[in-house]
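Please consult the sequence and the 3D view alongside the points below.

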Amino acid sequence: MKKLFLAFIVLIVVVAAIVVVRALMFTAERPQSVPSLDVKVNTDSSAPHLATALSIPTVSNQDAAKTDTAAFRRLHAFLAETYPTMHTNLQHEVVGGYSLLFRWQGGDTTLKPALLMAHQDVVPVVPGTEQEWTHPPFGGKIDSGYIWGRGALDDKAGVIGICEAVEALTKTGFQPKRTIYLSFGHDEEISGVSGAVNIAALLKQRGVQCEYVLDEGGIVAHGIVPNVSAPVALIGISEKGYLSVELRVISAGGHSSMPPPNTAVGILSHAIAALEDHQMPAHVDGVTETFLDRMGRETSFGYKLVFANMWLFAPLVERLMAANPTSNASIRTTTAPTMLAGSPKENVLPIMATAVVNFRISPSDNVAAVLEHVKNAINDPRVKIRALGSPSEPSPISDVQSTSYKLLERTITQVFGGDHVVMPYLVVGATDARYFTGLSANVYRFLPNIMTSEDLQRVHGTNERISVTNFQQAVKFYYQIIRVTNEL
Ligand SMILES: [Zn+2]
C-alpha cells in the first residue's frame, strides 16, 4: 500500500515537472525584425475618398430585385473618376451585373497571379435606429478623427484601401511581376451568388490558378483575444460551412378542443429539443488547435501551463471553450433553431408544423455528416428532414507555412508594428472567399482594420466608423502587400 502511494507521488511529481518544463519552453516565434516601411501614398486625400464612397448607399437587399442598382453604378463612376491611373493601367470588366474584376498584367506570365478581394455592398441600417447614429449612416462625414458611415469597416475600407494603393503604385510606374486581380463583389451580404460566385467561375473557366487570395474575414484585434495583452492580427485560414435544415411534421389537424396526445407542434418541439440536447461533437483540432498553440505562447505563465500541455488539459480547455458561445463556435458545428411555424389560429390544431435549424459546419464535419446527425438525434420518422437552399461545405484549411502567409505576416508586422502578434484562426461567419478555394490553396482572410470589442458591435450595427489613422494604415498595408508580392 505504501509502495503504491509512493509510486503515485512520484507520478504526480513527474507529470508536474513535464508540465512546467513544457510551459517554460512554450515561447512565441515572432517574425525577424522587418525593414521599416517606406510607402508613398497621399494620406490626406484617402480619408475624404472613403467618406465619399460611404455616402453612396450600395445596400444589399435580401430580395436582390429590390437592390438600388443605380447606387452601384454611381460607385463605379466614382471609382473611375477618383482612380484614373488605375483604370488606365488595369483591364476591368463588370461581372454578374455590378461586381468588378480588375486585371493588372504582370511582367512574368509564368507566375501564378495574386488576387485581392473586397465587397462593395453594405447591409441596410435597421429601420428605427437611424436617429441613434452620431452622423447619418450615408452622410460621408469625417469628424473627431473618424470616417463615419455604413461600410466604413465592412467593407469599403477594403475596396477604397485597395484602390488608393493601386492608384498610388500605378502613378509611380510600379510594375507587378505576377498578374494581380482585384475582385470587388456586389452582393457579399446576401451570399455573393451573383458576384463572387460568377467571378470565381469566370476565373476558373479562364484557367486561372492563384498564388494567394486575400479577402476580408480577419482583423487587427485590440483586447479581443482572451488572455493576450498584445494586439492580435487574426488571419482567417478556413471558414465554417453553412446548412439550414427544415423539420416538418404533418398531422390531421382539427379542433383544439379534442387534441390527440401528440400534436404536430409537440412532435416538432421534441425534435428541436433533441437537437439541442445532442450537439455535434467538439473538436479542438485543425485551425483551432493551431490558433490555441499560437495564442497560448502569448499568455502569462499560468495559462502557458495549460496551453503548452494540451496532451493533458485538452478536455478541460474543450469544456471551458464550450461554455462560451464565441469559443464554442470555433470548436464545433453549431446548432441554431431559428424559424418556427404552426397553426395560424389559437383554436385550430396544426396540419403542419415546421422549423428551420441553421448549422455552421466545423472543418472537421461536412454537410452529409450533419444531416446524418440530425436524423439520428431526432430518431422519429414523423419528422421529415430536408436541407434548404444551397448548403456550403467548410473551406479547406490554408497553409500557415506558405511563403504568401509569411509575406502577409511580415507585412502586417511592418505596417502595424512589431508588438502585434499574428495568429491564424477559423472564420465562423461566411465571406466571399469561400468561393475562391478552388482557385488557390492559399486563401487568407484579413482586413487591415483595427477593432475593439466595441467596434465589433458597430459592424452591421450603429455608428460604424473607422479612424482616419487606421484607414491610412490600411492603404499602406495594401500598397506594401502588392509591392512585396514581387518578392514571392
Ligand atoms: Zn464584409
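A residue counts as buried if 20 or more other C-beta atoms lie within 10 Å of its own, as exposed if 12 or fewer do, and as partly exposed in between, with C-beta atoms placed from the backbone. This is a predicted model, in which local features need pLDDT of at least 70, side-chain atom pairs count only at pLDDT 80 or more, and totals for chains, interfaces and linings use all residues. Residues are numbered from 1 along each chain as its sequence is written. Helices (H or I, at least four residues) and strands (E, at least two) are DSSP runs, numbered from the N terminus.

**Helix H13**
- Among the buried residues of H13 are Leu 408, Ile 412, Val 415 and Phe 416.
- The cover over the buried residues of H13 includes strand E9 (232–239), strand E16 (421–427) and H15, where contact requires C-beta atoms, placed from the backbone, within 7 Å.
- Gly 417, with a positive phi near 115°, follows H13.

**The sheet E4-E5-E19**
- Three strands form this open, antiparallel sheet, pairing being assigned if DSSP finds at least two bridges between two strands.
- Strand E4 (141–143) and strand E19 (465–467) are at the edges with a single partner strand each, so one side of each has no neighbour in the sheet.
- E4 pairs with strand E5 (residues 146–148) over three bridges, and Asp 143 has Tyr 146 in E5 as its bridge partner.

Technical notes
Two residues are in contact if their C-beta atoms, placed from the backbone, lie within 7 Å.
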